[in-house]
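Here are a few friendly notes to read alongside the structure. Have it open as you go, and take the points in order.

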Protein chains: 2
Amino acid sequence: MPEFDILEGGVTAPKGFQAASAAAGIKYKGRTDMALVYSDEPCVTAGVYTTNVVKAAPVLWDKKITDSDTKVSAVVVNSGIANACTGQQGLDICRATGQAVADIAGGTAESVLVGSTGVIGMKIDESKITAGVKELMAKKAYGKEAGTEASRAIMTTDTVNKEIAVSFKIGSETVTIGAMSKGSGMIHPNMCTMLGYVTTDAVIEKKLLQEALSDVVQDTFNMITVDGDTSTNDTLLILANGLAKNPAIDKKDENYKLFRDALYFVCEYLAKKMAGDGEGATALFEAKIINAKSVEDAKLMARSVVGSNLSKAAIYGHDANFGRFLCAMGYSGAQFDQNDVQLYFESKAGKMIVFDKGNPVPFEEDEATRILSENAVTILINMNEGSASAAAWGCDLTYDYVKINADYRS
Amino acid sequence: MPEFDILEGGVTAPKGFQAASAAAGIKYKGRTDMALVYSDEPCVTAGVYTTNVVKAAPVLWDKKITDSDTKVSAVVVNSGIANACTGQQGLDICRATGQAVADIAGGTAESVLVGSTGVIGMKIDESKITAGVKELMAKKAYGKEAGTEASRAIMTTDTVNKEIAVSFKIGSETVTIGAMSKGSGMIHPNMCTMLGYVTTDAVIEKKLLQEALSDVVQDTFNMITVDGDTSTNDTLLILANGLAKNPAIDKKDENYKLFRDALYFVCEYLAKKMAGDGEGATALFEAKIINAKSVEDAKLMARSVVGSNLSKAAIYGHDANFGRFLCAMGYSGAQFDQNDVQLYFESKAGKMIVFDKGNPVPFEEDEATRILSENAVTILINMNEGSASAAAWGCDLTYDYVKINADYRS
């Protein structure tokens, strides 16, 4: 895969995209809690959504739109309240949000996608949303700063905002992809409990846009886990407005592959950023499985290792308790023989083997602690049974995770 | 199901069973860490074991024996080291343990079952085990106290020992079932990451003994979860020595049903006791699903609710954040319509509805906090879609869970 240079900014990096934030007082006081992403040209769209049976109203609203051929000009997102488990009133809020944009910019309510994140089971005050939309539409602007402000407004327990942009050439034209995401707690595969918004000025067919997004999400956002809880609101959207005027991406050629690789780069960057910013986390925790019998097995094991509370607590304690990682592999659903397995600790501080084909390897406790004390730690597992590999990302389990979640609503 | 009166004591309550504990210094200092259960008459046995692909040596040893017709006279258990991921040396330790008993009591190494719990990937010093067995065999005794001492020796991070005994009549004979278990962390369904040892003086066919045990475990031990980690060592064994001289239980008649019910009572008691004593726990957390479409769905949802870190943290914070319970039901794998669902908080302090068929119900925050502040809390969920029900048990997620597991090895 080619390397991409990271540009400054996020969703406003591609041509013709504006953004804004507003403090609408939906639940939080004294901070922004609404974000707008706006395109000067109507966009083709694609989306990937939570697999939770309990789907929040914005998920139902957006899916209907991205499944249709309706072109979209804006996305409006709020933090504070998730608008989930809110019955018909929840769906009414989605329509009111879209209509509020349409009243100013023209078009229909259905040309607007919406997103919500926050407390489940609380209702949103419609008047606050519509006032917020007016402010967003009045303030929307081009440029890095507006995009960054939008990425800040969608944060909940996130400690840092998350955005990225990259550009590359298709023919002689420069194509740019920008993105922002939020996600810190309630993060787990399928589909990784987060909100992500990707913008691009690429000319690309809707069908291929959806295919690229669905493909890329499997190895990026769906491979992170903070706490095993798949939320009711997970949403990843992409909007393409075509202003780069590149030769249209309409078949699976080299140009499609390049676009997909760039999208992969963007999504992996944000996925790791979210895992490392898990609620209360002090370290990014990676499990890398190599030489497994199948990719499916490798994924099962990688996710099981980073998802285990006991593994996560060991990472927090810088404790070389490698049996917990083997145990998590063992109940992942994958089949393997422990007598084939080699397990390593790895970080910037070094690499050491601790388990070698069925037997513990004597090791220096101090050296292990040193390796496990970095803010990014990898458990590398060689299965020696095949040639498939996979990586998953999570974070450690800390006092602060419990503290944050023992009273998230306050 | 009939109610059973709880007797004092545990594994030594049935006729002809002795027990002992010893401080063998396997890993811990200044406490007992080996337990013996000994039967005067050889026993028929049955066992249920971890589903983890990585099985500890004692699991492999025991399964071979309980799958055969070999009669068993003793169980030797150690705490401190799990004897898992220890290669051939691990299996050698099992045989050496059995042989040490046989050297004193006669019989073969295979007439002794073994169990281990503690750190994975550490080796056990064989000389400590064999010295421990000698001490156990010298000290073994009848009576309540010996049984209680054994139940204490197998504790790891447990804060209380767990034992129970009940008796009932089959024909004119009194039959007794006694049991002890340990389990606090690494507790999760299939098979519930724990050690459990059940003794009985019943005369019962081996095939029916296994069937009763396998049946009962599904709705008791397999319905508890502390942290979602299924251990490498989970084992539940039952030994029946026949000294009650009851009419043999050799078909599925009323006598079998009574025996099974008593076994169910014993296992549910220990399961709830283990859930409530989860590492760092301050409360027993029960999820009860009623009127579901199928028992499978009801079980999936009940386990998902008590297994969710976010649900568990909310229980710890006495936080009426009911959306988290709905969310956990939603990703459980069960299909349902949230517009049918009613969700209640229930404890000794009262009962209140908080979600009614798709809509949040306004409630008094103080009243909810009062209900959720008891040391046993139930989330009661009426699916209104069928007639199946299930219950699962877990505990809250606390600072102390993280503390205990950030450095369990020390």
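1. Start with how the two chains meet. Of the interface residues of chain B, 93% are also interface residues in chain A, so the copies meet through the same surface. Please keep in mind throughout that this is a predicted model.

2. Next, the contact itself. Chain B brings 54 residues to it, and chain A brings 50 residues. On the side of chain B that touches chain A, the elements giving two or more residues are α8 (309-316), α9 (323-330), β13 (359-360) and α11 (399-406) of chain B. The most comes from α9(B), with seven residues. Sorted by class, this side of chain B holds 25 nonpolar, 22 polar and seven charged residues.

3. Finally, the interior. In soluble globular proteins, nonpolar side chains tend to be buried together. Here the largest nonpolar core has 283 residues, and those touching the most other members are A:Val37, A:Val76, A:Val266, A:Ala302, B:Val76, B:Val266 and B:Ala302.

4. Leaving aside residues up to four places away in sequence, A:Val76 touches A:Met34, A:Leu36, A:Thr97, A:Val101, A:Val112, A:Val114, A:Val133 and A:Leu136.

Technical notes: Residues numbered from 1 in each chain as written. Chains lettered and ligands numbered in written order. Predicted model: local features only at pLDDT ≥ 70, side-chain atom pairs only at ≥ 80, totals over all residues. Contact = placed C-beta atoms within 7 Å. Core = buried A, V, L, I, M, F, W, Y, C linked by C-beta atoms within 7 Å. Buried ≥ 20, exposed ≤ 12 C-beta atoms within 10 Å, placed from the backbone. Helix = DSSP H or I, 4+ residues; strand = E, 2+ residues; numbered from the N terminus. Nonpolar A, V, L, I, M, F, W, Y, C, P; charged D, E, K, R; others polar.
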